[in-house]
Amino acid sequence: MSEYIISGGRPLVGHVRVDGAKNSVLPILCACLLCDGGIITLSNCPRITDVQYTLEILNLFGCETSFADGQIRVNSENARFCGIPCDLVGKMRSAALFLGAAAGRFHQAEQCRPGGCELGSRPIDLHLSAFAKMGLSVSDTGMEVKCSGCPHGADIFLRYPSVGATENIMLAACRGSGTVTVTNAAREPEIEDLQNFINAMGGNIRGAGSGIIIIEGVEKLHGVDYNIIGDRIEAATYLAAAIATDGEITVSGVCPSHLTAVTDLIVNSGGSVCRKHDSITASRGGQFILSPGKVETSPYPGFPTDAQSLIMAMLLCAAGTTEIHEGVFDDRLRVSYEFIKMGADITVSGRTAYVHGTERLYGARVFAGDLRSGAALVIAAMSARGESVIKNISHIERGYNNFETKLRGLGGNIVKLKD
Ligand code: UD1
């Protein structure tokens with residue numbers, strides 16, 4: 001197991017450019033399966049392990065792929081139907097999106113059933129009931145999911161604006177027959193990116209970014225050059241690190257309006273934020289960090305669950321008590337116990353963590369339990385006195401490209417020890 005050794009206590013200062021959004025590139029790569037002919041070139045792609053696994057799945061389907069200098073090329077002309085084995089589905093939740101993509105392209109899809117994960121239970125009932133409404137025959141044995149049939153028009157109401165279910169519907173419906181209308185759709189910027197990509201291939205989707213998305217099926221999709229949007233959660237990571245370490249970081253390559261909930265929280269905690277066209281600068285601006293009171297995660301444009309642990313790391317030493325309520329996943333506060341090993345004062349009750357600001361954190365041996373909480377531990381370790389060891393960093397590498405190099409560029413003292 002590789003680990004990070006971090007010597008904390010120095011302010012992180014400077015400029016960092018974020019990579020393309022993990023949560024955009026993964027569904028967009030699934031959508032590549034829907035293209036019948038022509039080369040797709042995706043720019044601004046992060047070299048992270050989840051992208052690597054997704055390319056492996058595309059290769060299983062017979063797509064030709066290559067990845068160099070942040071550019072992924074995919075040719076799906078000779079793709080053929082195949083089932084996706086458990087080891088790949090188990091590595092990456094977003095593999096469930098190949099259900100919609102394979103149903104759209106081959107009118108059949110088959111894969112091992114994704115289980116729960118480190119964030120709690122991760123059902124796909126909304127995905128499957130939407131497929132059934134679109135006329136697909138769906139079988140779910142608990143071990144394996146199979147869908148077959150040509151997706152047709154339907155009116156689908158999602159009882160919860162699930163990101164994955166919204167994307168899966170878009171993937172299946174864009175090559176189907178008829179019009180699918182999704183009400184209470186997820187509104188995340190990555191959904192809009194998926195719509196823009198499918199439309200650039202010749203698809204016909206409108207409404208993404210609002211709660212109602214209308215997808216008209218088309219017969220063919222063609223190759224295209226497309227640029228992935230910047231990763232708002234990677235950006236939030238560096239902004240939180242700037243505040244936690246009393247430094248000043250400018251993050252570029254991201255759309256500031258995608259981060260309004262995060263930057264508002266930083267300002268409400270006494271931090272200083274300067275937003276420009278495609279960059280954001282954050283610092284304490286000479287102020288003490290104060291608790292913002294209550295933070296509650298919710299679907300976009302609410303406060304993102306993926307930034308919850310990052311912001312918790314930022315507030316561990318804030319004056320006062322912050323009540324952090326996790327409103328999206330049922331088991332996403334476990335990182336609190338790792339922060340406590342570093343001297344944090346946190347009590348957890350159900351889905352709520354009460355973070356009582358402490359004067360100083362100290363280095364400790366801690367364990368990254370999932371992607372974002374791993375990054376949050378890195379932030380805490382950067383602000384702590386002394387040396388920390390972060391174990392199990394393969395989780396972090398699922399979503400951050402060149403993390404330690406970027407942090408060293410900001411003055412961080414971080415070394416990766418390979419197993
Ligand atoms: C996506 C993101 C993930 C982010 C999450 C919420 C990707 C690859 N991942 O995950 O980083 O944290 O959105 O912003 O884009 N649910 C159901 N039934 C379903 C589907 C979901 O009950 O069929 C519930 C889930 O258990 C969870 C909530 O809905 O409690 C949110 O899940 P969802 O929006 O679907 O997240 P993902 O697409 O899995």
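The structure examined is a predicted model, in which local features need pLDDT of at least 70 and side-chain atom pairs count only at pLDDT 80 or more, whereas totals for chains, interfaces and linings use all residues. Residues are numbered from 1 along each chain as its sequence is written, and side-chain values use heavy atoms, with hydrogens and water left out.

The structure holds one disulfide, formed by Cys 86 and Cys 112, whose sulfur atoms are 2.1 Å apart. The torsion about the S-S bond of Cys 86 and Cys 112 is about 80°, and the disulfide is therefore right-handed. The pair links distant parts of the chain, since Cys 86 belongs to helix H3 (residues 86-91) and Cys 112 to strand E6 (residues 108-112), 26 residues apart; helices (H or I, at least four residues) and strands (E, at least two) are DSSP runs, numbered from the N terminus. With buried meaning under 20% relative accessible area, exposed over 50% and partly exposed in between (1.4 Å probe, protein chains only), Cys 86 is partly exposed at 48%, while Cys 112 is buried at 13%.

Attention then turns to the ligand. Of the 18 residues around the ligand, those that come nearest are Asp 125, Ser 162, Gly 164, Asp 306 and Val 328, a residue being near a molecule if one of its heavy atoms lies within 4 Å of it. Polar contacts, which are pairs of N or O atoms within 3.5 Å (within protein, one must be able to donate a hydrogen and the other to accept it, and residues adjacent in sequence count only if both atoms are side-chain atoms), include one between a polar side-chain atom of Asp 125 and a nitrogen atom of the ligand, at 2.7 Å. A backbone N or O atom of Gly 164 lies 2.8 Å from an oxygen atom of the ligand, and a backbone N or O atom of Pro 123 lies 3.3 Å from a ligand oxygen atom. Taken alone the ligand exposes 740 Å², of which the protein buries 85%, with accessible areas taken from the Shrake-Rupley method with a 1.4 Å probe and, for residues, only the protein chains shown counting as cover.

The shell around the ligand draws at least three residues from each of domain 1 (3-18 + 230-417) and domain 2 (22-227), the domain bounds coming from an automatic or database domain assignment. The largest share of this shell, three residues, comes from H5.

Elsewhere, a cis peptide bond with omega of about 10° joins Tyr 300 and Pro 301, and Pro 301 is found in the loop between strand E17 (294-296) and helix H10 (308-315). Asn 392, in the loop between strand E22 (387-391) and helix H13 (394-397), has a positive phi near 65° and counts as buried at 11% relative accessibility.

Notes: A disulfide is a pair of cysteine sulfur atoms within 2.5 Å.
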